[in-house]
Each structure stands twice: as structure tokens, then as C-alpha cells.
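Have the sequence and the 3D view open as you read.

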Amino acid sequence: MAVAGGVAVAEWISWGFLPLGARVLFGFLTCSAGAASSTLNLGDPATPTRYLAASAVNAAANIPINPPATMANGAAGFDVAVVTPGVAGDQSELRSVCAGAALGANQNLTLVLFYVTNQ
């Protein structure tokens, strides 16, 4: 999904929703050059940095989204267990929160995620 810039500090981008039982395998967040000091994370309402800690999006980049360390060597990873959109404990909505500085008005962001589901 692609999003145009102009998001202010502390505002969030909703990228969409994962289904019950989804497990993120990998992905990337691409960005065009933006405002100095701008950062984005990737998570959900329950855990804002579940998939990506705050990462600089001030320069053109492909930021990798790697699975949690718990998935190494076939260990169980995180599965979406709570699907309650609009509620603080929701684990299904993918969100990025802007920090540092507002995103550039013409900045382009694209999130690509690959996931599997156990349902």
C-alpha cells in the first residue's frame, strides 16, 4: 500500500489489517526523501513497535522488516490473536506513528509485507 506524506508528529498511518492467526514473515518499507529527523515505526495498537522500531525516513531508502528473533531456527513467532479494530488491544491493524518531524508533503511511502496464517 502506498501513502502520500504530510503526516504530522504523533499522527499515525493505518496500513490495513492482518487476519486472525497471521504471522509476518518479512517485508520492507520504502520511502522517498523526506524531512530531516522524520521517523516511522511499524506495529499495531497493542504494541506500536511490534515489527519495526522507529526508523529514519528522511532519505530515500528500503527499510527491511525482519521477523522477530523468536522465529529463528523454526521457533514460534508472533501470531495475531486479538482482532478488535478500534480497541487499544487490537493486534490486527498495521500502524506507523510519525515522530521526530512531520513527513514531507510529497514524500512517498510503500509498505510490502509477506505473512502466513494458521487459520
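## Starting at Ser 96

Ser 96 is found in strand 7; strands here are DSSP runs of E, at least two residues long, numbered from the N terminus. With a relative accessibility of 1%, Ser 96 counts as buried (buried means under 20% relative accessible area, exposed over 50%, partly exposed in between, using a 1.4 Å probe and protein chains only).

A quick word on the ground rules: this is a predicted model, where local features need pLDDT of at least 70, side-chain atom pairs count only at pLDDT 80 or more, and totals for chains, interfaces and linings use all residues. Residues are numbered from 1 along each chain as its sequence is written, and side-chain values use heavy atoms, with hydrogens and water left out.

## What Ser 96 touches

Where does the side chain of Ser 96 make polar contacts? One, at 2.8 Å, goes to the side chain of Trp 15. The backbone oxygen of Asn 41 also sits 2.6 Å from a polar atom of the Ser 96 side chain. (A polar contact is a pair of N or O atoms within 3.5 Å; within protein, one must be able to donate a hydrogen and the other to accept it, and residues adjacent in sequence count only if both atoms are side-chain atoms.)

Setting aside neighbours within four places in sequence, Ser 96 is in contact (heavy atoms within 4.5 Å) with Glu 11, Trp 12, Ile 13, Trp 15, Leu 40, Asn 41 and Leu 42.

## The nonpolar core

Trp 15, Leu 40 and Leu 42 turn up again in the largest nonpolar core, which has 22 residues: they are among the members that touch the most others, a group that also includes Leu 29, Tyr 51, Ile 65 and Leu 103. (Such a core is a set of buried Ala, Val, Leu, Ile, Met, Phe, Trp, Tyr and Cys residues joined through side-chain atoms within 4.5 Å.) Strand 2 (12-17), strand 3, strand 4 (39-42), strand 6, strand 7 and strand 8 (108-117) each supply at least two residues of this core, and strand 3 gives the most, with four. In soluble globular proteins, nonpolar side chains tend to be buried together.

## Strand 3 and its partners

Strand 3 is mostly covered, with seven of its ten residues buried. Strands pair if DSSP finds at least two bridges between them. Strand 3 runs antiparallel to strand 8, joined by nine bridges, and Phe 26 has Phe 114 as its bridge partner there. Strand 3 is also antiparallel to strand 6, this time with five bridges; here Gly 27 is partnered with Ile 65.

## Salt bridges and cysteines

How many salt bridges does the whole structure have? The search finds three (each a side-chain nitrogen of Lys or Arg within 4 Å of a carboxyl oxygen of Asp or Glu). Asp 79 and Arg 23 meet at 2.8 Å, N to O. Asp 79 lies in the loop between strand 6 (61-65) and strand 7 (93-99) and Arg 23 in strand 3 (residues 22-31), so this pair ties together parts 56 residues apart in sequence. Asp 79 is partly exposed at 25% relative accessibility, while Arg 23 is buried at 18%.

Arg 50 bridges to Asp 44 at 2.5 Å, and Asp 44 is buried at 2%. Glu 93 and Arg 95 make another, at 3.1 Å, with Glu 93 buried at 5%.

As for disulfides (pairs of cysteine sulfur atoms within 2.5 Å), the count is zero. Cys 31 is buried at 7% relative accessibility, and Cys 98 is buried at 1%.
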